[in-house]
Amino acid sequence: MMVAKKGEKYRCEVCGLTINVEEECGCDECAIVCCGKPMEKKE
């Protein structure tokens, strides 16, 4: 699991969807999922 922070970008390796985190949720761990798989953080 991961903690998504404001300004980070995540990409789905299946369909290519990319998201930008606008607000942190405050969770200890987050799972950003697309196409049934966790999205990968873009560097």
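1. In this predicted model, three strands form an open sheet in the order 2-1-5, and their pairing is antiparallel. The edges are taken by strand 2 (18-20) and strand 5 (40-42). Each of these has a single partner strand, so one side of each is left without a neighbour in the sheet. On average, and ignoring direction, neighbouring strands of this sheet are turned by 35° against each other.

2. The pairing of strand 1 with strand 2 is antiparallel and runs over three bridges. Within this part of the sheet, K9 stands opposite N20 in strand 2.

3. E8 deserves a separate entry. E8 lies in the segment before strand 1 (9-11). Is E8 buried or exposed? The relative accessible area of E8 is 13%; the cut-off for buried is under 20%, so E8 counts as buried.

4. Which side chains make polar contacts with the side chain of E8? One is the side chain of Y10, at 2.7 Å. Another is the side chain of K41, at 3.0 Å.

5. The surroundings of E8 can also be listed by contact. With neighbours within four places in sequence set aside, E8 is in contact with V3, I19, N20, V21 and K41. Among them, N20 is also the residue that K9 stands opposite in strand 2, and K41 is also a polar partner of the E8 side chain.

6. In short, E8 is a buried residue in the segment before strand 1, with side-chain polar contacts to Y10 and to K41.

How values were computed: Residues are numbered from 1 along each chain as its sequence is written. This is a predicted model: local features need pLDDT of at least 70, side-chain atom pairs count only at pLDDT 80 or more; totals for chains, interfaces and linings use all residues. Side-chain values use heavy atoms; hydrogens and water are left out. Helices (H or I, at least four residues) and strands (E, at least two) are DSSP runs, numbered from the N terminus. Buried means under 20% relative accessible area, exposed over 50%, partly exposed in between (1.4 Å probe, protein chains only). A polar contact is a pair of N or O atoms within 3.5 Å; within protein, one must be able to donate a hydrogen and the other to accept it, and residues adjacent in sequence count only if both atoms are side-chain atoms. Contact means heavy atoms within 4.5 Å. Two strands pair if DSSP finds at least two bridges between them. Axes are lines fitted to C-alpha atoms, for helices over the stretch in contact, and angles run from 0 to 180 degrees between N-to-C directions.
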